[in-house]
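Here is a short briefing to read alongside the sequence and the 3D view. Keep both open and follow the residues as they come up.

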Amino acid sequence: MSEQTFNIDTVANAATTPDTDLPWAELGLKEDEYDRIVEILGRRPTAAELAMYSVMWSEHCSYKSSKVHLRQFGEKVTEEMKKDLMVGIGENAGVTDLGEGWAVTFKIESHNHPSYVEPYQGAATGIGGIVRDIISMGARPVAVMDPLRFGDIDHPDTKRVLPGVVSGIGGYGNSLGLPNIGGEVVFDSVYQQNPLVNALAVGVMRHEDLRLANASGVGNKVVLFGARTGGDGIGGASVLASESFDDSKPSKRPAVQVGDPFSEKVLIECCLELFHNELVEGIQDLGAAGISCATSELASNGEGGMHVELTNVLLRDPTLTPGEILMSESQERMMAVVTPENAEAFEAVMGKWGVEYSWLGEVTDTGRLIIEWDGETIVDVDPRTVAHDGPVYERPYHRPQWQDQVQADTFSASEAGQNLPATAEELGEAVVELMSSPNMADVSWITDQYDRFVGGNTALSQPDDAGVIRVDEETGLGVGLATDCNGRYAYLDPYTGAQLALAEAYRNVATSGAVPMAVSDCLNFGSPEDPEIMWQFAETVRGLADGCQELGIPVTGGNVSLYNQTAGRAIHPTPVVGVMGKFDDVGRRTPSGFQRWADGQAIYLLGVTRDELDGSEFARGRGHLGGKPPQVDLAVEQTLGEILINASRDGMIDAAHDLSEGGLAAALAEMSLRFGVGSRTALDELCERDGVDPFTALFSESQGRALVALPRSEELRFTDMTSARGFPALRLGVVDAESGGIEVAGPFEGGSFGISLDELKEAWSSVIPSRFGAITEAEIATREQ
Amino acid sequence: MISETPLIGDFNVSPSGPLDGARIGVITFPGTLDDRDAARAVRLGGGTAVPLWHADQSLHGVDAVILPGGFSYGDYLRAGAIARFAPVMETVVKEAGASATSSSPLPVLGICNGFQVLTEAHLLPGSMIKNDHLKFICKDQVLRVENTSTPWTSQFTPDELIAVPMKNQDGQYVVSAEELEQIEAEGRVVFRYIGENPNGSRNNIAGVTNERGNVVGLMPHPEHAVEAGYGPDDTTGMREGTDGLTIFTSVVSSLAGGNK
């Protein structure tokens with residue numbers, strides 16, 4: 001390496017210069033963590049070793065604050081829950097047996113901070129990263145979903161963040177040929193400066209294609225392929241520039257990675273061909289911590305040793321130092337372990353797809369990860385100490401002192417809870433107002449920027465309750481997925497809030513007709529160093545793990561995103577929960593709206609309505625957040641799920657929609673807005689049976705409820721099924737395809753109110769485009785047909 | 001040849017039906033996305049889908065060729081601008097273009113990015129620029145079929161309205177005034193957008209054909225409207241639309257010597 005322009009800090013050098021100052025603090029290590037590294041190595045680390053430890057021991061990679069709590073997800077998994085679990089937590093993504101020789105893998109991750117700094121690239125590379133996790137399990141990615149949370153809709157910065165995030169997700173996901181089948185859009189000022197950009201990807205594979213990240217087989221070769229390694233995403237590594245004595249190198253590099261979806265698409269096809277031809281023994285995607293992560297994880301999960309020559313890495317920027325190369329988070333890269341016999345065939349696949357690769361080294365049984373730079377050893381570590389033996393913190397936590405006060409501040413006792421709508425006119429206006437609030441509004445301005453058709457297997461997508469993808473064209477075997485979280489509920493009570501998120505995602509999947517099977521979560525919180533936030537986190541994990549145990553569906557993987565706070569102001573605890581369910585035949589999926597041909601069908605409300613307005617959308621509309629979130633009863637959710645799944649399987653119902661934010665009012669409105677088909681309902685019996693007033697009947701957010709529409713010929717069979725399970729079902733009214741409106745009668749002054757669907761649609765669909773971009777008349781016209 | 005993983009939209013599922021004889025090539029460029037979908041549509045239309053690889057000059061004796069949608073080479077330079085130089089395109093141009101000597105030149109269909117490649121290859125007039133609203137847009141789109149004399153549209157009735165999904169970022173069809181006048185006068189507009197113009201295309205043009213009528217390009221995606229349950233919404237219900245299938249049955253029937 002004659003062009004070498006920096007000093008190389010070798011292991012030999014480190015042994016003889018124990019007193020050299022290293023910038024461990026700047027790299028985010030605590031003093032005791034640095035001391036521990038010195039203790040592990042028996043000497044000071046080299047600059048390259050320090051780079052590796054610092055990224056791998058970061059919160060993001062080591063889960064050092066969350067680990068002690070996350071263990072519950074494993075501990076609370078029963079044998080019964082493991083039945084269909086092929087790969088659990090710990091690998092790139094969990095894998096669930098779908099039957100018929102198929103397996104499905106899915107996972108949610110966050111890309112919150114990068115998306116705030118650089119919305120387009122942050123969101124785009126968020127998709128890229130989660131998709132590579134799916135590929136590295138051996139699966140073909142088949143769909144993505146995006147749970148998004150932004151600041152107040154009218155805050156100027158939201159106008160910067162939202163359009164960039166949306167076009168980043170579209171720009172990357174659309175170019176990969178992955179349908180975007182759902183997600184969430186939430187506006188709340190708590191997410192100002194801390195938007196949450198979570199991404200879920202799902203992939204499918206035949207059982208025999210399952211791949212794991214381990215480097216097995218001594219003498220097997222280690223290869224890095226895909227994009228070249230550049231200076232993007234290095235972040236903190238720049239402090240290692242003290243290695244450099246050449247000031248001609250680029251000084252300002254983006255801390256946010258830059259995505260190239262074309263490279264990723266080629267990488268997907270190329271990897272699938274490698275799997276199909278059985279050319280790789282182990283594979284790992286390069287995400288956070290880049291080569292540091294891939295080498296140390298592959299080595300420690302395999303035979304325990306690996307020997308790498310770092311100068312073989314193909315670079316975009318030849319001035320990168322070894323430490324920077326080890327830390328670079330350049331996108332669209334993969335690392336694989338290949339037997340020497342397969343090397344030629346491997347190269348042929350690379351050649352076919354035009355993918356660059358370089359052989360870095362080989363698997364050894366020395367128990368050491370040795371990295372050389374031009375023949376000189378710069379890293380000599382036990383890979384386990386890098387990948388798995390990071391620090392683990394038992395961070396202190398306690399219930400916030402304000403929690404009692406917040407819970408005591410109920411909506412009904414508050415000023416906001418007075419003068420509630422009571423007459424026909426007031427209730428009708430309140431429904432329109434609810435549906436034109438930012439969090440209930442039509443999100444098609446966003447979702448129409450995503451391809452929902454590509455692949456030809458999308459059976460349901462937004463705005464239906466779940467996204468549904470066919471896996472097997474012959475049998476119709478498929479999956480349904482939903483992600484949910486209500487951060488307001490979680491703020492009022494994190495334990496219950498986590499279970500409510502789980503309950504809603506579970507309910508959404510069941511409402512579409514799928515049998516819930518597995519959970520992935522993305523736990524977004526403030527700083528773990530704040531004991532009150534840590535309490536929120538601990539309670540959330542406990543709630544979620546208990547809930548999964550009760551529902552009998554395991555957490556198969558996920559992600560923790562901490563430090564989502566600015567100037568001491570943290571986001572609401574936001575445990576986004578994704579549930580994956582199975583369809584024997586996706587042709588049975590239940591849409592969320594009344595279809596035109598369903599005129600005259602009966603509308604039933606399932607479940608019980610209580611006075612539960614604390615934390616509700618209605619309360620939000622009046623600026624109130626206090627009290628306790630709705631009760632959660634997972635046994636009830638399970639029974640409701642069974643009813644909805646059986647009804648779908650037996651073809652009893654033609655539409656179903658769960659009741660969540662905005663309660664019955666929102667569900668009725670959404671079922672009509674879906675296809676522009678109205679309804680006539682009456683609340684009298686409901687109010688009498690559940691002992692609630694018409695306002696509560698419409699706006700309460702009691703859980704365990706759903707609305708269904710069914711042909712009259714199926715009513716008897718359906719009600720027999722609900723009564724056999726002792727589940728409350730009430731005939732609320734009928735689908736009315738002629739009226740063009742929603743008519744609601746009830747025990748209130750005026751007797752009934754009607755809302756024109758045209759007017760409601762106008763109010764509901766203009767909220768987002770009016771803030772973020774003009775919508776053409778053409779788009780409105782085609783949506784109305 | 002493409003080595004396929006036995007997954008969704010398997011190219012290798014054997015076709016069925018009396019018209020299996022029609023072998024229709026589906027080209028995969030790096031960055032092509034809808035190749036599996038196009039192959040499925042061919043199969044559902046009664047033909048046999050034959051995967052063609054961009055770097056392979058041979059068309060492997062296929063009877064017709066489809067250039068599917070996607071982002072070939074990332075569309076980084078200009079949509080379709082690099083793909084037109086692929087070795088396979090040389091053969092496509094030779095067998096389908098103006099210089100083709102056969103009395104029945106190769107039927108070619110370009111969908112979305114495939115349409116862009118065909119204009120870049122000068123098999124079709126005009127060009128595609130960014131949508132006038134500057135956004136990617138995915139929606140169900142109604143089209144009018146205005147030319148039923150191509151092998152790809154022979155089974156439509158004249159002026160038939162069809163619903164197919166549209167999804168693109170660079171879908172605004174532009175063409176010089178003289179050429180526009182010419183293709184209109186010669187009845188070479190095959191598909192026209194109905195309702196408001198979704199992207200600023202000249203004369204609401206969604207699809208055109210060449211002078212000989214064997215090459216057709218269209219921006220919306222008929223291959224996503226071939227199977228009830230997975231297509232656009234239509235009057236019979238959610239995702240029930242299968243209007244796109246007629247494009248594939250048309251070509252299979254034309255190749256079998258049907259009503260061309």
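Setting aside neighbours within four places in sequence, A:S110 is in contact with A:L196, A:V197, A:N198, A:C522, A:N524, A:N559 and A:S561. Please keep in mind that this is a predicted model.

- A:S110 is found in strand β3 of chain A, which covers residues 102-110.
- With 27 other C-beta atoms within 10 Å, A:S110 is buried, because 20 or more such atoms make a residue count as buried.
- A:H111 sits in the loop between β3 and α7 (112-117) of chain A.
- Is A:H111 buried or exposed? A:H111 is buried, having 28 other C-beta atoms within 10 Å.
- Apart from neighbours within four places in sequence, the contacts of A:H111 are A:G122, A:A123, A:T125, A:G126, A:G129, A:V197 and A:A199.
- An unreviewed UniProt entry lists A:S110 and A:H111 under "binding site", along with A:N112, A:H113, A:R132, A:Q257, A:E329, A:S330, A:Q331 and A:S561.

**Helix α8 of chain A**

- Helix α8 of chain A runs over residues 119-135; at 1.5 Å a residue, its 17 residues should span 24 Å, and its end C-alpha atoms are 25 Å apart, which agrees.
- Since 17 of the 17 residues of α8(A) are buried, the helix is largely enclosed by the rest of the structure.

- Strand β12 of chain A (residues 369-373) has 5 of its 5 residues buried, so the rest of the structure largely encloses it.
- A:L369, A:I371 and A:W373 point one way from β12(A), while A:I370 and A:E372 point the other way.
- β12(A) pairs in the parallel sense with strand β9 of chain A (residues 305-309) over 4 bridges, and A:E309 has A:E372 as its bridge partner in β12(A).
- β12(A) also pairs with strand β13 of chain A (residues 376-381), in the antiparallel sense over 5 bridges; here the bridge partner of A:I370 is A:D380.
- Together β12(A) and β13(A) form a hairpin with 2 residues between them, and A:D374 in the turn has a positive phi of about 55 degrees.

**Where chain A touches chain B**

- How many residues of chain A are in contact with chain B? There are 43 residues of chain A in contact with 38 residues of chain B.
- On the chain A side, the elements giving two or more residues are β4 (140-150), α9 (156-176), β6 (196-206), α10 (261-276), β14 (458-460) and α29 (777-784).
- The largest share of that side, 8 residues, comes from α10(A).
- By class, the chain A side has 17 nonpolar, 16 polar and 10 charged residues.

**The sheet in chain B**

- Chain B holds an open sheet of 9 strands with mixed pairing, in the order β2-β1-β3-β4-β11-β10-β9-β6-β7.
- β2 (48-53) and β7 (161-168) of chain B stand at the edges with a single partner strand each, so one side of each has no neighbour in the sheet.
- On average, neighbouring strands of this sheet are turned by 25 degrees against each other, direction ignored.
- Strands β9 (residues 189-193) and β10 (residues 205-209) of chain B pair in the antiparallel sense over 3 bridges, with B:F191 opposite B:G207 in β10(B).
- Helix α1 of chain B (residues 35-44) lies across β1 (23-28), β2, β3 (64-67) and β4 (108-111) of chain B, and runs at about 175 degrees to β1(B).

Conventions. Residues numbered from 1 in each chain as written. Chains lettered and ligands numbered in written order. Predicted model: local features only at pLDDT ≥ 70, side-chain atom pairs only at ≥ 80, totals over all residues. Expected span 1.5 Å × (residues − 1). Buried ≥ 20, exposed ≤ 12 C-beta atoms within 10 Å, placed from the backbone. Contact = placed C-beta atoms within 7 Å. Nonpolar A, V, L, I, M, F, W, Y, C, P; charged D, E, K, R; others polar. Pairing = 2+ DSSP bridges. Axes fitted to C-alpha atoms, helices over the stretch in contact; angles between N-to-C directions. UniProt positions renumbered as here; feature names shortened; annotations may be inferred.
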